[in-house]
Protein chains: 2
Amino acid sequence: MKNNLVPNTGHEFRSRCSIARALELIGDKWTLLIVRDLMWHNKHTFQAMQNSVERIPTNILSQRLKKLMDWGLVRREPYQERPLRYHYLLTDNGQSLEPVLSQIMGWGHEHLEGGLHPPGVSKNSDTRLV
Amino acid sequence: MKNNLVPNTGHEFRSRCSIARALELIGDKWTLLIVRDLMWHNKHTFQAMQNSVERIPTNILSQRLKKLMDWGLVRREPYQERPLRYHYLLTDNGQSLEPVLSQIMGWGHEHLEGGLHPPGVSKNSDTRLV
């Protein structure tokens, strides 16, 4: 099964290179932190993500979540009716970023003295809420 | 052996998270394309990198190369004296980004219809010129 993420918005990629294409989606300081929060940190509401230690600015969080939804990596669902509240969930395509996150985490741990959040967590607890 | 890349410039990371730290270095649309060019495309001069199909703007290429050198991922060496010309080479720490690049490439190939440039190339030819 092909999981083709090119949206119907007429997006034109800058080259055929898979790395260049991927960086058009995830090549910034914030997008993969949102994916991290959804994948491993059980943060599924706007408020929860906003409260992460990196303090993502509100407008950037909104914009990145919209982009992730436009590309089919994240979807949102209402979890409360009055008042209407949404939570955000990784789609299967979003979940497919786990090896990318793991590699980046391992590199940052090795070279930048960063802390390690074992990716195994996502396999033992249902952080996707699906 | 620890390959600690925190430079002596008093850089303050925004969190302990290895992913957040790594994205402070490589979290943009261009940096990993420069690493790609050095690692797999045998492009080692400013001109050669500037001519890559993604057409990186000159000022961004300068700024990113400087950052990569400040962090010890890239070094430059003179290859000609009159006029003085430099080429750019990955350090061992820069080379350690290969699994990160490979994962991103694989993901872009699978989901964004991108082309694949086999990472095995770097193991068969000495693209680092060291």
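Me: What is the mean pLDDT of chain A?

Reply: The model scores ipTM 0.87 and pTM 0.87. In chain A, 84% of the residues reach a pLDDT of 70 or more, and the mean is 88.

Me: Over which residues of chain A does pLDDT stay under 50?

Reply: Where pLDDT is low, the predicted coordinates should not be read in detail. The stretch in question has 21 contacts (heavy atoms within 4.5 Å) beyond four places in sequence. Its pLDDT stays under 50, and it covers residues 121-130 of chain A.

Me: How much of chain A is buried?

Reply: Buried means under 20% relative accessible area, exposed over 50%, partly exposed in between (1.4 Å probe, protein chains only). Chain A has 130 residues, and the buried share is 48%.

Me: How are helix 1 of chain A and helix 2 of chain B oriented to each other?

Reply: The axes (lines fitted to C-alpha atoms, for helices over the stretch in contact, with angles from 0 to 180 degrees between N-to-C directions) of helix 1 (residues 18-26) of chain A and helix 2 (residues 31-39) of chain B come within 10 Å and cross at roughly 170°. Angles under 35 degrees count as roughly parallel, over 145 as roughly antiparallel, 65 to 115 as roughly perpendicular and the rest as oblique. The crossing therefore makes these two helices roughly antiparallel.

Me: How many residues of helix 2 of chain B are buried?

Reply: The buried residues include B:T31, B:L32, B:R36, B:D37 and B:M39. Helix 2 of chain B is largely enclosed by the rest of the structure because its buried count is nine of nine.

Me: How are helix 2 of chain A and helix 6 of chain A oriented to each other?

Reply: Helix 2 (residues 31-40) and helix 6 of chain A have axes that come within 11 Å and cross at roughly 110°. Therefore the two helices are roughly perpendicular.

Me: Which residues of helix 6 of chain A meet helix 2 of chain A?

Reply: By class, this contact has seven nonpolar, one polar and two charged residues. Helix 2 supplies A:L32, A:V35, A:R36, A:M39 and A:W40, and they meet A:E98, A:L101, A:S102, A:I104 and A:M105.

Me: What is omega for the peptide bond from A:R82 to A:P83?

Reply: Most residues other than glycine have a negative phi, and most peptide bonds are trans. A:P83 sits in the loop between strand 1 (74-80) and strand 2 (85-90) of chain A. The bond from A:R82 to A:P83 is cis, with omega near -5°.

Me: What is phi of A:R55?

Reply: A:R55 lies in the loop between helix 3 (46-50) and helix 4 (58-70) of chain A. A:R55 is exposed, at 54% relative accessible area. Its phi is positive, though the residue is not glycine, and is near 55°.

Me: Is A:C17 buried or exposed?

Reply: The structure holds zero disulfides (pairs of cysteine sulfur atoms within 2.5 Å) over all chains. A:C17 has a relative accessibility of 17%, so it counts as buried.

Me: How far apart are the C-alpha atoms of B:Y86 and B:F46?

Reply: B:Y86 is in strand 2 of chain B. It is partly exposed, at 29% relative accessible area. Beyond four places in sequence, it touches residues including B:H44, B:T45 and B:R76. B:Y86 and B:F46 are 40 residues apart along the chain, and their C-alpha atoms are separated by 8.3 Å.

Key
Residues numbered from 1 in each chain as written. Chains lettered and ligands numbered in written order. Predicted model: local features only at pLDDT ≥ 70, side-chain atom pairs only at ≥ 80, totals over all residues. Heavy atoms only, no water. Helix = DSSP H or I, 4+ residues; strand = E, 2+ residues; numbered from the N terminus. pLDDT = per-residue confidence, 0-100. Nonpolar A, V, L, I, M, F, W, Y, C, P; charged D, E, K, R; others polar.
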